[in-house]
Amino acid sequence: MIVEFWGTRSLIPLAASLPSTFGGNTSCVCLREADKVLAIFDCGTGVIPLGRTANMSSAAKTHFFISKFSWDRIQGLLFLNPLFRPNFQAHFYGPKVEPHSLESLLTEQMRSEFFPVQFQDLPCQRHFHYYTWASAQPSRIQTADLPDANIAALKLHQHQPISAFKWKQQNTSLAYAVHIDWNSPYPALDALADFLRDLQLLITNLPDTKLAWQNFWRYQQLAHPLTTIFSDFSPFASDADIVAALQQAQAQIGSFNSRGTLSAAHARQKVQL
């Protein structure tokens, strides 16, 4: 399995005139096996160059997991080439939240007032899959064509439909959890640690306060991820800001007896699992 980082920013993409080692597109992470794209986590502007690759140009089907309904998670879909192919099957996964749904929200952003092509007129085959949350309990996500993949979602915010995703398949285990409130009280972090325990790879957001870092290290001690890669950086964070935060964290690993490694996602980075 290979994890690829195509979008590493939150909120808005960086201008092309402001190049960054850590990338400028909004959130998009791809999971593939050999040349087959299995899953895409979030569809920010990073999904646009991903859609132009040979792997996606030849793909017959892909699963899209949307962590949040904000524009920085879905804006790249408007320009995703495979959606304009009639033989492409797009499977979208999101929480069941009344009165809206993932389908209605995607349809809304492509209304004729905003975009020349309406969502319902896209030639691809669109399938929507919804999951519901129990309080602090993960929801199993069923995928018919991936029978050996154990996929689950956990609600990360009490009042907003924000998800973390965990993927286990054979010897591969990873989680995409880029909306963690590292300032949460311990009970919430303990539940999170139960969900994100013993992973090969955790993709998460960079803590931004002293309390957040304390809680992050508590999570590391409880859950023991082998590798943590920070992503979803603020568009206002410079390369120097990200490097400084990462170096400070790496210097503390020994103090907290963490066995894992820490790094920051780079543009187009590939990680072999």
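Strands, a helix and a pocket

Biologist: In strand 4, which residue is the bridge partner of Ile-40?

Modeller: Phe-64 is that partner. This is a predicted model, where local features need pLDDT of at least 70 and side-chain atom pairs count only at pLDDT 80 or more, while totals for chains, interfaces and linings use all residues. Residues are numbered from 1 along each chain as its sequence is written, and side-chain values use heavy atoms, with hydrogens and water left out.

Biologist: What makes strand 3 and strand 4 a pair?

Modeller: Pairing requires at least two bridges found by DSSP. Three bridges join strand 3 (residues 36-41) to strand 4 (residues 61-65), so they pair. The two run parallel. Strands here are DSSP runs of E, at least two residues; helices are runs of H or I, at least four; both are numbered from the N terminus.

Biologist: Why are strand 6 and strand 14 called edge strands?

Modeller: The open sheet has seven strands in the order 6-5-4-3-2-1-14, with mixed pairing. Strand 6 (125-131) and strand 14 (270-272) each pair on one side only.

Biologist: What does helix 4 touch?

Modeller: Helix 4 (residues 102-109) touches strand 5 (89-95) and strand 6. Contact means heavy atoms within 4.5 Å.

Biologist: What makes a set of grid points a pocket?

Modeller: On a 1 Å grid over the protein atoms alone, with a 1.4 Å probe, the set must be open, with protein on both sides within 12 Å along at least five of seven lines. Lining residues have an atom within 4 Å of a point. The largest pocket is lined by 27 residues, with Asp-208 and Asp-232 among those nearest its centre.

Definitions and conventions: Axes fitted to C-alpha atoms, helices over the stretch in contact; angles between N-to-C directions.
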